[in-house]
Amino acid sequence: MVTEKSISELGRLINDKAIKFGADLAGVASVEDLKRSPSHEISEKIPEFNGVGTKDVKGRKRGVVNWPEAARSAIVMAVEHPPEKPELDWWITGAAAGNTAGNRLLMGTVSDLTAWLEKEQGIECFKLPYHIENGGVYMKDAAVLAGLGCIGKNNLLITPRYGPRVRLRVLLTDADLPSAGFIAFNPCAECHMPCRTSCPREAFAERIYSQKEYGIDDLPGRSGVYNRFRCNQEMNINISNFEEVKIDNKTGSGKLVKYCRDCELACPAGLN
Ligand code: B12
Ligand code: SF4
Ligand code: SF4
């Protein structure tokens, strides 16, 4: 029988295993809470939703999550992307699945954790892809609910230890694990917001979402200022500035894209 004590021990054990398998941070969020979280609530209402981070998948509406019926808990994992290792975040199309080196690291961690959960704990796992339209979920919301950090004024997850310089991956399970919930952490309170002024597209220049219109307080960029369309314009410029690279063990070359991280790298949180 799974007792309350053993389930909370299992939660702790899962976190420890995720770290052992390569994550720098890990936590658990409840799927029920996640289904009601801000991104899951408002994505369908956002105009100009399509862009670099969305996919055209037959039979799927952009931005709408398809939840596996049996899923109860989300295990959220983060890997640090320090400024001195920019290559972790470079996208290479035509390379092995995973696109960035950082994402491949996370995928390895998810695979190892899944194998352990399924074989040794008898817990069913649902490995999730990155894109929502391929079956993914909104990972920043999941990370906040799993106690990894808060959403900052740059619209990114800010963690106490690494600031926003992390990348995420989520694994769903059919086990009802204890959810970590919010942590008391707000690095933006006294900050002069270098994240916002660093943006080459002025993507935080004005309020474009309101509580009245969207029915929630937790809006993109905290105060409804993050302009997805403008940010996407910069991503498209980054794509057009691609570099040709040779891909190991493959014939031909790939395209390497260095996506903008200015609002992330300007943030002082987690640097001292
Ligand atoms: C589509 C996408 C994009 C699109 C659109 C981005 C957008 N935010 O709209 C484009 C291509 C423009 C983009 C840009 C970037 N992205 Co992007 N993107 C995604 C993707 C696939 C989905 C995000 C999405 O559509 N969100 C939905 C919209 C509605 O939400 P939102 O604008 O984020 O606003 C919500 C949050 O702020 C949240 N929120 C606000 N307050 C609160 C409070 C609480 C309590 C909670 C729970 C939530 C919450 O609610 C808001 C909605 O109401 C995710 C991966 C994933 N599967 O989650 C990565 C992801 C969010 N991106 C990521 C990154 C790093 C970037 C970039 C820095 C580019 C880069 N080098 O990778 C920029 C940063 C832009 C920025 N400042 O937000 C990381 C974020 C890591 C982190 N530390 O937060 C993710 C998680 C991918 C990853 N590899 O880990 N991205
Ligand atoms: S730079 Fe300052 S305001 Fe912007 S996200 Fe970081 S801590 Fe918050
Ligand atoms: S990723 Fe670049 S373009 Fe997008 S909001 Fe941040 S600084 Fe602006």
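Ground rules, noted first. This is a predicted model, so I kept to its limits: local features need pLDDT of at least 70, side-chain atom pairs count only at pLDDT 80 or more, and totals for chains, interfaces and linings use all residues. Residues are numbered from 1 along each chain as its sequence is written, chains are lettered from A and ligands numbered from 1 in the order in which they are written, and side-chain values use heavy atoms, with hydrogens and water left out.

Ligand 1. I checked the 39 residues around ligand 1, and K140, N155, L157, D218 and R228 come nearest (near means a heavy atom within 4 Å). I then went through polar contacts (pairs of N or O atoms within 3.5 Å). A backbone N or O atom of L168 sits 2.8 Å from a ligand 1 oxygen, and a polar backbone atom of D218 is also 2.8 Å from an oxygen of ligand 1. Elements giving two or more residues to this shell are α3 (38-42), α5 (139-145), β7 (166-173) and α8 (228-240); helices here are DSSP runs of H or I, at least four residues, and strands are runs of E, at least two. α5 gives the most, four residues. By class I got 28 nonpolar, four polar and seven charged.

Ligand 3. Around ligand 3 I found, among others, C199, C231, C260 and C263. α8 and α9 (262-265) each give two or more residues to that shell, and α8 has the largest share, three.

Methods. A polar contact is a pair of N or O atoms within 3.5 Å; within protein, one must be able to donate a hydrogen and the other to accept it, and residues adjacent in sequence count only if both atoms are side-chain atoms. Ala, Val, Leu, Ile, Met, Phe, Trp, Tyr, Cys and Pro count as nonpolar, Asp, Glu, Lys and Arg as charged, and the others, Gly among them, as polar.
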